[in-house]
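Open the model in your viewer and keep the sequence panel beside it. This tour goes stop by stop: select, look, move on.

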Amino acid sequence: MTKLPLRTQRLLLRDFEAEDWHGVHEYDAHPEVVHFMAWGPNTETNSREFVARNIAASQVTPRVCFELAVVEQDSSRLVGGVGLTVTPAHRKGFLGYCFRRDVWRRGYATEAAREMLRFGFEDLDLHRITTTCDVDNHASARVLEKIGLQQEGTLRHDALLRDGRWRDHFVYGILVDEWCQST
Ligand SMILES: CC(C)(COP(=O)(O)OP(=O)(O)OC[C@H]1O[C@@H](n2cnc3c(N)ncnc32)[C@H](O)[C@@H]1OP(=O)(O)O)[C@@H](O)C(=O)NCCC(=O)NCCS
């Protein structure tokens, strides 16, 4: 049973709405934010398409893509995105997140990602949640370790960046039993 939106102490995690593309564009066009990404900096069209794609995905049954807008409760400002993409046959989900540059280091990614683990394990009955992160993306690695994921290995040349560089990624994962023990 999926119960959206989700709330944490400071954040609301909700489905995207058409007008959100403005807020998304403020971070997905920022060179520092997309530094480790295989996409971006995004054009306005890219941002509109991202939001439209996620609205469409939110209406698919059974739903497998839970890409959510992260909104600061105090200001109602969209500050980022967090997502869980599910492979139902294997009861596993792939976690992702991205935040505006001016809200980094406030603990928002940790707070939102921790809630997505709860959502994945409790509400979606997942067995495993996994993700990958660039070997030099120390902030993201720190977030994953703080919420209990273990580094499981390295994928060599897992991503080709827009400047032609191949990037190695760490694989991180957590199983439901490990999550239960940590809560
Ligand atoms: C990665 C990202 C989501 C982190 O967001 P955030 O809200 O700043 O994260 P938090 O504040 O919850 O935690 C960040 C942690 O990393 C640490 N950190 C930040 N920059 C760091 C760096 N350069 N080196 C080592 N640790 C770093 C912080 O100190 C903090 O750990 P602490 O609580 O132990 O002090 C954000 O930097 C971002 O949006 N980056 C661009 C998109 C991206 O890389 N997404 C992940 C793809 S795998």
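**Stop 1**

Select residues 6–7, strand E1, and residues 11–15, strand E2: the two pair in the antiparallel sense over 2 bridges. Strands here are DSSP E runs of at least two residues, helices are H or I runs of at least four, and both are numbered from the N terminus. Two strands pair if DSSP finds at least two bridges between them. Leucine 6 sits opposite leucine 13 in E2. Between E1 and E2 lie 3 residues, and the strands form a hairpin.

Before going on, note the ground rules. Residues are numbered from 1 along each chain as its sequence is written. The model is predicted, so local features need pLDDT of at least 70 and side-chain atom pairs count only at pLDDT 80 or more, while totals for chains, interfaces and linings use all residues.

**Stop 2**

E2 and E3 pair in the antiparallel sense over 5 bridges. Step along the pair:

- Leucine 12 is opposite valine 71 in E3.
- Arginine 14 is opposite alanine 69 in E3.
- Aspartate 15 has leucine 68 in E3 as its bridge partner.

E4 runs antiparallel to E3, and 7 bridges join them. Alanine 69 turns up again here, with glycine 81 as its bridge partner in E4. E3 and E4 form a hairpin with 5 residues between them. Select serine 76 in that turn: its phi is positive, about 60 degrees.

**Stop 3**

In what order do the strands of the open sheet run? The order is E1-E2-E3-E4-E5-E6-E8-E7, 8 strands with mixed pairing. E1 and strand E7 (150–160) are the edge strands, each pairing on one side only. Strands of a sheet pair through backbone hydrogen bonds, either parallel or antiparallel.

**Stop 4**

Zoom out. The protein chain has 5 helices and 8 strands. From the N terminus on, its elements run β-β-α-α-β-β-β-α-β-α-β-β-α. The radius of gyration is 16 Å, close to the 16 Å that the globule rule gives for 183 residues, so the chain is as compact as a globular protein of that length. That radius is taken over C-alpha atoms, and the rule is 2.2 Å times the number of residues to the power 0.38. Along its principal axes the C-alpha trace spans about 40 × 35 × 30 Å.

Of the 183 residues, 31% count as buried. Buried means 20 or more other C-beta atoms within 10 Å of a residue's own, exposed means 12 or fewer, and partly exposed lies in between, with C-beta atoms placed from the backbone. Take contacts between residues at least 6 apart in sequence: 58% join residues at least 24 apart. A contact puts two C-beta atoms, placed from the backbone, within 7 Å.

**Stop 5: the core**

Select Val70, Val82, Ala112, Ala113, Met116 and Leu117. These have the most contacts inside the largest nonpolar core, which has 41 residues. Such a core is a set of buried Ala, Val, Leu, Ile, Met, Phe, Trp, Tyr and Cys residues joined through C-beta atoms within 7 Å. Helix H3 (residues 108–123) gives the most to this core, with 8 residues.

Centre on valine 70. Not counting residues up to four places away in sequence, valine 70 touches Leu11, Leu13, Val79, Gly80, Gly81, Val82, Tyr108 and Ala112.

**Stop 6: two buried residues**

Pick isoleucine 174 in strand E8. Isoleucine 174 is buried, with 23 other C-beta atoms within 10 Å. Beyond four places in sequence, its contacts are Leu117, Ile129, Gly148, Leu149, Gln150 and Trp179.

Then pick asparagine 54, in helix H2 (residues 44–58). Asparagine 54 counts as buried, with 21 C-beta neighbours inside 10 Å. Leaving aside neighbours within four places in sequence, asparagine 54 is in contact with Phe16 and Glu67. Draw a C-alpha to C-alpha distance to aspartate 15: 8.0 Å, across 39 residues of sequence.

**Stop 7: around the ligand**

Which residues come nearest the ligand? Of the 19 around it, they are Ala109, Thr110, His138, Ala139 and Arg142. Near means a C-beta atom, placed from the backbone, within 6 Å. Strand E5 (92–99), H3 and H4 are the elements that give two or more residues to this shell. H4 gives the most, with 5 residues.

Finish on helix H4, residues 138–146. H4 lies across strand E6 (128–134) and strand E8 (166–175), running at about 160 degrees to E6. Axes are lines fitted to C-alpha atoms, for helices over the stretch in contact, and angles run from 0 to 180 degrees between N-to-C directions.
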